[in-house]
Amino acid sequence: MKQKIGASLKAGFPIFIGYVPAAVAFGILAKACDITLLECFLFSAVVFAGASQFIALNLLATGMGPGGIVLTTLLVNFRHFLMSASLSTRLGEVPKRYLFPMAFGVTDEVFSVLSFTKGALSKTHVFLVELCAYSAWVGGSVAGFILGGFLPEILSKSMGVALYALLLAILLPEVKASGRALILAISSGVLNTWLVHLDILPKGWTIIVCIVVVASMGSFFMTFEKEEERL
Amino acid sequence: MKTLIPLILGMAAVTYLPRLIPLLFLGNRRIPQRMDAFLKCIPLAALGALIVPGAFQATPDFPFAAVAGMGFTVAYGLFRGGIIVPVLGSVAVTYCVLLVNI
């Protein structure tokens, strides 16, 4: 049991490292936007969604009303619908009441780490990984608000790389093991770069389009390969 | 300025529901094989788009620093594997590059 807890914390640790500087930046920006400490805390504690919190602060500064901000948040975070759907196929037997708190912690990074954990996911593992992410996000936001830029600027900038390095480190063993995984991941990155460059979709939707297109491609390969095996 | 709490609760609701609904309705249910294959491909499809192009803008003042950090992750990850060392190493490499260039 102790070993399992250790493994879960180890899996969550890189998310912790990546979230702290981003959360500190959120706290600093929140203070600069004349938001109270309680509101800054609540943003991170009850919304718990990185990019959309920054976007909300920007929109508040432009004077947009709450309706528009909530709608934007829905659009930006809708990709998690697909991620939760995917995770649902990976969970072991988990009683329904645990799904309510579990769903709250499904961020991009938590989803990525959990998806590439081998075997069925236990609820303890999911909760511990989520807790690493959540504590860093909420703690970092409050610390940023109160202490300001307590991390040296260069350190905080370089820590921003941690989240990308985490996702990359998760991806590497997959692409090393299978050419199909390499093709899918590259297609997704190229498609996303093109869509971001075109700049016609709202933020968050370039990723949704990439997921739908590339996962369809992947599922086509998978069923095709299975049928070939059968022949 | 008036309180932001209603706005925060609204944002929380529209963030939480899309995360919750699939877990509640798909969990423990038999789904068609084609659909299952699609859902299982989502992580890989998401990773590519989550990394690129964002990683190239992770250190906007000096993009090379982030690229060098990623370079370490790829090199170490491919030869030795693991997560913690590639992540901490990429931060260290990025830090050094930024330190030298500012």
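1. Ground rules. This is a predicted model, in which local features need pLDDT of at least 70, side-chain atom pairs count only at pLDDT 80 or more, and totals for chains, interfaces and linings use all residues. Residues are numbered from 1 along each chain as its sequence is written, chains are lettered from A and ligands numbered from 1 in the order in which they are written, and side-chain values use heavy atoms, with hydrogens and water left out.

2. Confidence in chain B. The mean pLDDT (the predictor's confidence in each residue, from 0 to 100) of chain B is 92, and 98% of the residues score at least 70. Helices here are DSSP runs of H or I, at least four residues, and strands are runs of E, at least two, numbered from the N terminus.

3. The interface as a whole. Counting contact as heavy atoms within 4.5 Å, 66 residues of chain B meet 91 residues of chain A. The buried area between the two chains (accessible area, 1.4 Å probe, lost on putting them together, summed over both) is about 7,000 Å², and carbon and sulfur atoms give 80% of that.

4. Polar links and the B side. The rule finds 15 residue pairs in polar contact across the interface, both residues at pLDDT 80 or more. A polar contact is a pair of N or O atoms within 3.5 Å; within protein, one must be able to donate a hydrogen and the other to accept it, and residues adjacent in sequence count only if both atoms are side-chain atoms. On the side of chain B that touches chain A, α1 (5–26), α2 (33–51), α3 (63–79) and α4 (84–101) each supply at least two residues. The largest share, 18 residues, comes from α2(B).

5. The salt bridge between chains. Using a side-chain nitrogen of Lys or Arg within 4 Å of a carboxyl oxygen of Asp or Glu as the salt-bridge rule, there is one across the interface of chain B and chain A. That is Lys157(A) with Asp61(B), closest N and O atoms 2.5 Å apart. Have a look at the surroundings too: Glu153(A), Lys157(A) and Asp61(B) are linked in a network of salt bridges. For exposure, buried means under 20% relative accessible area, exposed over 50% and partly exposed in between (1.4 Å probe, protein chains only). Lys157(A) is partly exposed at 24%, while Asp61(B) is exposed at 54%.

6. Arg79(A) and Asp108(A). The rule gives five salt bridges over all chains, and Arg79(A) makes one with Asp108(A), closest N and O atoms 2.9 Å apart. Arg79(A) sits in helix α5 of chain A and Asp108(A) in helix α7 (residues 108–115), so the pair ties together parts that are 29 residues apart in sequence. Both Arg79(A) and Asp108(A) are buried, Arg79(A) at 7% relative accessible area. Leaving out residues up to four places away in sequence, Arg79(A) also touches Gly204(A), Ile207(A) and Ile208(A).

7. Glu174(A) and Lys118(A). This salt bridge has its closest N and O atoms 3.9 Å apart. Glu174(A) is in helix α10 (residues 162–177) of chain A and Lys118(A) in the loop between α7 and α8 (123–147), 56 residues apart. Glu174(A) is partly exposed at 22%, whereas Lys118(A) is exposed at 69%.
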